[in-house]
Structures are given as C-alpha cells and as structure tokens.
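Work through each task on the model before reading its solution.

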Amino acid sequence: MRMITTTSELSALCEVLAKSEYVAVDTEFLREQTFWPLLCLIQLAGPEAEAVVDPLSPGLDLTPFYQLMADTSVVKVFHAARQDIEIIFLKSEIVPAPVFDTQVAAMVCGYGDSISYVNLVKKTTSVDLDKSSRFTDWSRRPLSEKQLDYALADVTHLRDVYQRLKQTLEKTGRTPWLQEEMHVLTSPATYDAKPENAWQRLKLRVKGRKSLAVLIELAAWRERLAQTLDVPRGRVLRDDALYDIANQMPASADSLGQLRTLSDGFARSQRAKEIVDVVKAGLARDPKTLPKIERNEALSAEASATLELLKVLLKAAAAEHGVAPRIIADTDDLEQLATSDEADILALQGWRRTLFGDAALKLKRGELALTLVDGEVRAVPAAR
C-alpha cells in the first residue's frame, strides 16, 4: 500500500499521472459536524500508478494535486462526481476538467438510474467489493491496511469500469451524450454557493411575497453564520424554524420567543435580536427585487391523462434504446410537455428529441398509439 504523506511524494506521483490519458479520483471527507467538509483522503489511480494521499499529514501541500485536476490533457474519472468536485473547488477554486462521471455514463449505457459504485463494479467487472469499511471515520489516524485497501479499491476498480463504459459509448456513438451531461458538472457556477442564493435549496413553504422576502434574508443570514462558525446549517437554525419565522414575521424578540419551533429562552439570546433585524430587512425589500416563483398548479384531467401516457412512452423509449429514463426526462419535464408542445425542456432538444421528444409530440397529436407486442410497450402509427 502506497500512502502519500509528503509534498515531494505527491509531486512525483502527479508527474506520472499527468502523462496518463486519465486518472481515477475519489475522496473521503467528513462534514456531519461542520459546514465546510474536512478532506481526509484522496485516492488516485492511473494506468500505471495508484496511491492514497493523506491531506491531514502535517506540511503536505496539495498544490500538485490541484494542478493535476486543472490539467485538461488528463481525463478525470469519478463516480457520482458532484461532491468530490465540490470539495476540490472549495479548497482550490479549480473545477476538474475534462470529467467522466461513471454514474452518469452508466445511465447513458442503460445501467439504470443512479447506480451505486458497488453495483456498477459488479455489473461491469463481476467483482464483489468489500464495503465493510464504508462507515470509517476517515479523520482518525492511523488507518489500518484494511481501511486503506478499501479506499484504494474505490479508484483501482474505477479504472476498469471507465474502460468498459468508454468502449460502450464509443461503440454506440453516445460519447457526445455524456459530454453534454458533463457541462453542468464542470461549470464553476454549480459549486459557487453564494449565501444570497441559499433560499433556493429550501422548500418554499411561505404564505406570500412578504414571507418570501423574509425567508430569502433569513436563509442568507443562516448561511453566512454557519460558514463563519463552521457548523451545519441546522445547528444555527432548523429549516422548520426558518419557515415559521418567515410566515409569522415577528417584530420583536418577545414575539419571536412565542414560536413553537424555537427553544425556550431563545428570545433572550443575541441570535434572536439578529433574527428580528433580518425579518425587518426582509419586510423592507422592494418587491420588484424578489424572484418570480412559479406555483405548480394542479394539472387538468386531460393533461393528467396525457402525463400518464408520456410516462409509459418514456419507459418504452428508454428500454428500446438502452438508457435510463431519468436522463431523458424527469417528472417535471413530462408535466411541462403534457401542457405545452413548446416546453423549454431538454427532452425536446438534441438526442433526447430523437429518442423520445418527437414521438411524445406525435403521441399528443394522436399520430402514435401505444400497444403491447410480446409483453413490451411499443409506439405504433395510430389508425386513421
């Protein structure tokens, strides 16, 4: 087992990996008790070298690793890449590119929605991975050989998975499909979590525009404080308390203390005074500065029936072409399509339109019908 604990060792490893076509990457981190993730391990594997890097080693400078992630001549292979890329971006402001996400590639190749790494390794290589160290506290030292073996296996087998999926994509001509999906993953905007946008992760359980303004200000305040204190958002204020405050809009610490979602004595805290000020700031906002929130209205009976037919057609198209249904369209897309032929959705663009979108529009116009052929749903020209 090769454990990298010094900058010189890391530089030597990255020099070797930089000459490779690709490098498989995984990270282990903790964030249950903090806002910012604590990077505990980095696993790297190229065709000729593999190692586990210990970011917690005193004096270790991760610059060579970040330079490797920025090297556009090397493909970075991840499985379910978003969290790994997020922590790299938070530490270095670098978004690895180009990226090959095997979970997304598996969807394009017909392995189902969001397949786990263990199951994908089993299906592509017939190897059963040992996951007994899955819940390791990766911040504790020393790590056992078993734990390091487990960590390294997350990238050594990823090399084989990558090669098989890459071959399938090239054989089927679907490599551009995956590249299209990687655009969001490799956009810095995906990981630039600004406090003023923190409300977007919340369910909008608000009664009106004033409550929305308060919720936006509260979410930003909580985000900044959680970042400053390096604690989870819920440690500052739980989501249900945010909704309660936004809807009740308390004008004083005493009225804030009457809310059931806050603990006894909260009204006497400094944080209560800050929240009252935040509520006032929300109420003072110009309504014109508030985002427009689209309310999901109940579908008509006709649109609901159309939606059900589109769901069946989607499953049939996905099965016929060997792709996961969710990568073609999700429920929101189908609801929009059920109500509008001009819906601004990916299902009506590019390869998705070829596989599903055109047929969906024909089904809506009555030009296609659904039938069963040997137990499988097929779309056939409608009888006139």
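**Exercise 1.** Classify W36 as buried, partly exposed or exposed.

*Solution.* The relative accessible area of W36 is 34%, so W36 is partly exposed. The classes are buried (under 20% relative accessible area), exposed (over 50%) and partly exposed (in between), with a 1.4 Å probe and protein chains only. This is a predicted model, in which local features need pLDDT of at least 70 and side-chain atom pairs count only at pLDDT 80 or more, while totals for chains, interfaces and linings use all residues. Residues are numbered from 1 along each chain as its sequence is written, and side-chain values use heavy atoms, with hydrogens and water left out.

**Exercise 2.** How many aromatic pairs does the structure hold, and what is the geometry of the one formed by F35 and W36?

*Solution.* Start with the criterion: rings of Phe, Tyr and Trp (its six-membered ring) pair if their centres lie within 6.5 Å; planes under 30 degrees apart are stacked, over 60 edge-to-face, and the rest tilted. The structure holds seven aromatic pairs. In the pair of F35 and W36, the centres are 4.8 Å apart and the planes are at 80 degrees, making it edge-to-face. F35 has 7% relative accessibility and therefore counts as buried.

**Exercise 3.** Describe the pair of F89 and Y191, and state where each residue sits.

*Solution.* The geometry is tilted, with 6.2 Å centre to centre and 40 degrees between the planes. F89 lies in helix 3 (residues 82–92) and Y191 in the loop between helix 7 (175–185) and helix 8 (209–229); the pair links distant parts of the chain, 102 residues apart. Helices are DSSP runs (H or I, at least four residues), as strands are (E, at least two), numbered from the N terminus. Both F89 and Y191 are buried.

**Exercise 4.** Is R222 buried or exposed, and which residues is R222 in contact with beyond four places in sequence?

*Solution.* R222 is found in helix 8. R222 counts as buried because its relative accessibility is 3%. Leaving aside neighbours within four places in sequence, R222 is in contact (heavy atoms within 4.5 Å) with L202, R233, V236, L237, R238, D239 and L242.
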